[in-house]
Amino acid sequence: MPAEFKDYYATLGVARDASADEIKKAFRKLARLYHPDTAKDKKTAEAKFKEINEANEVLSDPEKRRKYDTLGANWQDEGNFRPPPQGAGSHEQEFHFGGTGFSDFFEQYFSGGSRYGFPQGFEEEIPTGAAKKGRARRGHDIEGDILVTLEEAMHGTQRPISLQTVNRQTGAVQTHSFEVRIPPGATDGRRIRVPGQGEPGQNGGQAGDLYLRVRHAAHPEFTTEEADVHHDLDLAPWEAVLGAEVIVPTLDGSIKLRVPAGSENGQSLRVRGRGLPKGKSAERGDFFVKLQIVLPTKLSDAERTLWEQLRSASTFNPRA
């Protein structure tokens, strides 16, 4: 089944030769605008947030972006798009997910796992009386990606999912729906197993399983590494030199952070136990704040005079 082509560059509003930094800035600007927690129209914002996350997922990854750019003439195709087979062309069925947060275009062309069966189905023993019907065969497992916001990863959630199975020979379509539990602390890359929701078995065999690989939705303020959460904090030069108390956002509310005097650019401060939950225990990862010293680019006459006075009075020599 052809998928609707997605122009990820248009989604982020950047040129096709945009630099990695331009893509990052465009995403962060849009993510702040459409983040479901802050937008007024949450339903519209949620859909838009998923679109810009998908575009960022591809364009911020050099390998995915290179692969995307090889579509060549298909850039101008605003209709349906069928990706080339990826080792699964011999299977009679294809699968399409709903509710995962990713489009069919992404799943068919960029989803990292084997989407049509791993491991291979295996034969099962059946009663002797049923031998004429052939040996029972377990259905293939299916793997796909599921987009999870950091807020969902923090607190856990139930996600309604639909799985559409299309017979490539007859065109027959079957759709079934179910719910998947995203546990608190679901880390990026974790696979969630949904028993019996894979490819149907044959001759009475068991259905395969569905494996959904968690992909953390890119956040305008935070990144994750396992259960640890990271945040970049902009500082004025005098805050780094003299020290400061700064209000910093976290996934479960703002905190007051003390920046020590003499802090350096790129230095990380750790707040213990303010990251994602670790499994079923009460233990949590840590929250890391990376300090980014930002220099003023526009100065009033009064400000320039003060900087000149500092230059004259200071004995600091960075090259000494």
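What percentage of the 320 residues in the protein do buried residues make up? The figure is 42%, where buried means under 20% relative accessible area, exposed means over 50%, and partly exposed lies in between, with a 1.4 Å probe and protein chains only.

Let me state the basis of these values. This is a predicted model, in which local features need pLDDT of at least 70 and side-chain atom pairs count only at pLDDT 80 or more, while totals for chains, interfaces and linings use all residues. Residues are numbered from 1 along each chain as its sequence is written, and side-chain values use heavy atoms, with hydrogens and water left out.

The protein has eight helices and 16 strands; these are DSSP runs numbered from the N terminus, helices being H or I with at least four residues and strands being E with at least two. Of the contacts between residues at least 6 apart in sequence, 61% join residues at least 24 apart, a contact being heavy atoms within 4.5 Å.

Next, confidence. The mean pLDDT of the protein is 83, and 84% of its residues reach 70 or more; pLDDT is the predictor's confidence in each residue, from 0 to 100. Strand S16, residues 287-293, has the highest confidence, at 97, and strand S4, residues 123-124, the lowest, at a mean of 47. Over residues 85-90 the pLDDT is below 50, and this stretch has six contacts in the model beyond near neighbours in sequence. Residues 112-126 also stay under 50, and for them the model has 48 contacts beyond four places in sequence. Where pLDDT is low, the predicted coordinates should not be read in detail.

I turn now to helix H3, residues 42-59. Its 18 residues reach 25 Å from the first C-alpha to the last, close to the 26 Å expected at 1.5 Å a residue; the expected span is 1.5 Å times one less than the number of residues. Among the buried residues of H3 are Ala-45, Phe-49, Ile-52 and Leu-59. The buried residues of this helix pack against several elements, including helix H2 (20-34), helix H5 (104-109) and strand S6 (142-148).

How do H3 and H4 pack, in angle and axis distance? The angle is about 95 degrees, and the axes are 6 Å apart. The axes are lines fitted to C-alpha atoms, for helices over the stretch in contact, and angles run from 0 to 180 degrees between N-to-C directions. H3 is therefore roughly perpendicular to H4, on a scale where under 35 degrees is roughly parallel, over 145 roughly antiparallel, 65 to 115 roughly perpendicular and the rest oblique. Glu-57, Val-58 and Leu-59 of H3 meet Lys-64, Arg-65 and Tyr-68 of H4 in this contact.

Lys-64 itself lies in helix H4 and is buried, with a relative accessible area of 16%. Leaving out residues up to four places away in sequence, Lys-64 touches Glu-57, Val-58, Phe-110 and Arg-215.

Beyond four places in sequence, Ser-103 is in contact with Lys-6, Tyr-8 and Glu-54. The C-alpha atoms of Ser-103 and Lys-6 are separated by 8.7 Å, although the two residues are 97 apart along the chain.

Gly-285, in the loop between strand S15 (268-271) and S16, is buried at 0% relative accessible area. Its contacts include Ala-227, Asp-228 and Arg-274. Phe-287 is found in strand S16 and likewise counts as buried, at 0% relative accessibility. Arg-274 and Gly-275 are among the residues that Phe-287 touches, and the C-alpha atoms of Phe-287 and Arg-274 are separated by 5.1 Å.

Finally, two backbone exceptions. Most residues other than glycine have a negative phi. Asn-203, however, has a positive phi of about 55 degrees; this residue lies in the loop between strands S9 (191-194) and S10 (210-216) and is partly exposed, at 44%. Glu-226 also has a positive phi, near 55 degrees. Glu-226 sits in the loop between strands S11 (222-225) and S12 (228-235) and is exposed, with a relative accessible area of 60%.
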